[in-house]
Amino acid sequence: MKRNLRFYFALMFARGTALVLKLIGRKGTSMPGSWAIILCPDFIGRMPKPEKIIGITGTNGKTTVANMIEDVLEDNGIDFICNRSGTNVHTGIASTLIANSHFFGKPKHKLAVFEMDERSAPNFFPYMQPDILLCTNIFRDSYKRNAHAEFILDILNREIPKGTKLVLNADDPLCSSIGPENDRVYYGIDHLDTDKAVCDNIVNDVPVCPKCFGPLVRDVVRYHHIGRVHCENCGYHSPTPDYRATQVDVEHMQMTVEKDGAAHIYPLANANNINIYNSLAAVAMLSEFGLTPEQIQKSFKKMGISETRYSETVANGRKIILHLAKGQNPIACSRAFENIRNAPGKKSVIMFLDDYFDARHTVENTAWFYDTDFEFLNDESIVQIVIAGARHHDTYVRTLLAGVPAERIVHMRNEDDAPAAVTPEADTIFILYDVYTIRLANAIRQKLLEGGKEAAK
Ligand SMILES: [Zn+2]
């Protein structure tokens, strides 16, 4: 796309906005990009871009995987730009391009790594073609924004440029079906000790063969629709992974990945199923980018899970764990609940899963509670559940329906009252929070830490 007067006006206006924001001490906002796109709707198309673009999309895990990829690239001294501190929609991408360009828009760097929101694909894919695009998985998400899994799949199939090479999850029949005409590689896991005989989740977004809609045989059941499948009716089967995790060794926190007959061992920062997939996805993407296994291994050794997703503190013999559980996303919450059930210790769970900001605009849809596996919380090792927030009554009812005895549940309107309600019986306290409520989660943790000190005195 040619650059016209309108484009230059939008670019200069966005620069001015960025300057004002900087002067008043606000950073990481998508406002410059928003203004650029308001003034010039095809701004991203007209803006000069770095020579190579890596994209990361998918329902769950894209932020974690994008952060891992960025950390490894940085550790290997590779120069790039990314939208890590901004947003993953088109305005965030535009802001990143503007912030990392010379006066008339020429990019300062040769490589860009963009986390890309799958729902916003129509706002950027017509204007920029990633060289490689990774998709972690496709699940149902917030109903209000994402409708259902097929809706998102359809958007991606329509919008992903045909020349983009795809890195796809072979163990997700929805994800692996994306862009059938595109060049692609797959990644997948042979076996995990946590593999199941039957699916114990409420939600399965692939109940029948995606090709002929006949009955589907599930050869490996991992979680929800993730696993290996085949159809005896039409011959459809999960694709063979190019990057195969042949062995996952949870005890030594490492996995063996085979590619073209050569096996390499990579350290794992966290050994729950989701993070094994995240690490494998990052290995596949970084290898496709051109890094050697040695370069990836070296950087993986230094890595932990991003503090904004998961963090552990020990105080007065009690473990306090902050665990992300995206509100309105039944899969993310079900994964968090299963992780909590599987964690050792006597656990208390504090949760405030309300649509914290939406609440002001009265989003009344609580259907997602009934797609979420609260049943995982019905376990002897979970001695208490503390529910707080505007929708505490709804969450309480759902938890009761999951069979959790009423005497194990406390619930209240005010989140600030939650720490005082935690039973001394618990040696591990999980705080489940949404991306938008990290400050509140930290405040609750602080109260728990202070409360612990008081008790110790
Ligand atoms: Zn079939």
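This is a predicted model: local features need pLDDT of at least 70, side-chain atom pairs count only at pLDDT 80 or more; totals for chains, interfaces and linings use all residues.
Reader: How many helices and strands does the chain have?

Author: Helices (H or I, at least four residues) and strands (E, at least two) are DSSP runs, numbered from the N terminus. Here there are 14 helices and 17 strands.

Reader: What is the radius of gyration of the chain?

Author: The radius is taken over C-alpha atoms, and the globule rule is 2.2 Å times the number of residues to the power 0.38. For 457 residues the rule gives 23 Å and the chain has 23 Å, so it is as compact as a globular protein of that length. The C-alpha trace spans about 65 × 60 × 45 Å along its principal axes.

Reader: Into which domains is the chain divided?

Author: Domain bounds come from an automatic or database domain assignment. Domain 1 covers 5-184 + 250-300, and domain 2 covers 310-456. Two residues are in contact if their C-beta atoms, placed from the backbone, lie within 7 Å. The contact between the domains takes 10 residues from domain 1 and 12 residues from domain 2. The centres of the two domains, taken over C-alpha atoms, are 30 Å apart.

Reader: In what order do the strands of the nine-strand sheet lie?

Author: Two strands pair if DSSP finds at least two bridges between them. The order in this open sheet is S2-S3-S1-S4-S5-S6-S9-S10-S11, with mixed pairing. Strand S2 (81-82) and strand S11 (262-267) each have a single partner strand, so one side of each is left without a neighbour in the sheet. Inside the sheet, S5 (residues 165-169) and S6 (residues 184-189) run parallel, joined by four bridges. Leu 166 has Arg 184 in S6 as its bridge partner.

Reader: Which helix lies across S6, and at what angle?

Author: Axes are lines fitted to C-alpha atoms, for helices over the stretch in contact, and angles run from 0 to 180 degrees between N-to-C directions. Helix H9 (residues 273-289) runs at about 150° to S6 and lies across several strands, including S1 (52-57) and S11.

Reader: What is the strand order in the six-strand sheet?

Author: That open sheet is ordered S12-S13-S17-S14-S15-S16, and its pairing is mixed. Strands S13 (residues 318-324) and S17 (residues 428-433) pair in the parallel sense over six bridges. Ile 320 has Ile 429 in S17 as its bridge partner.

Conventions: Residues are numbered from 1 along each chain as its sequence is written.
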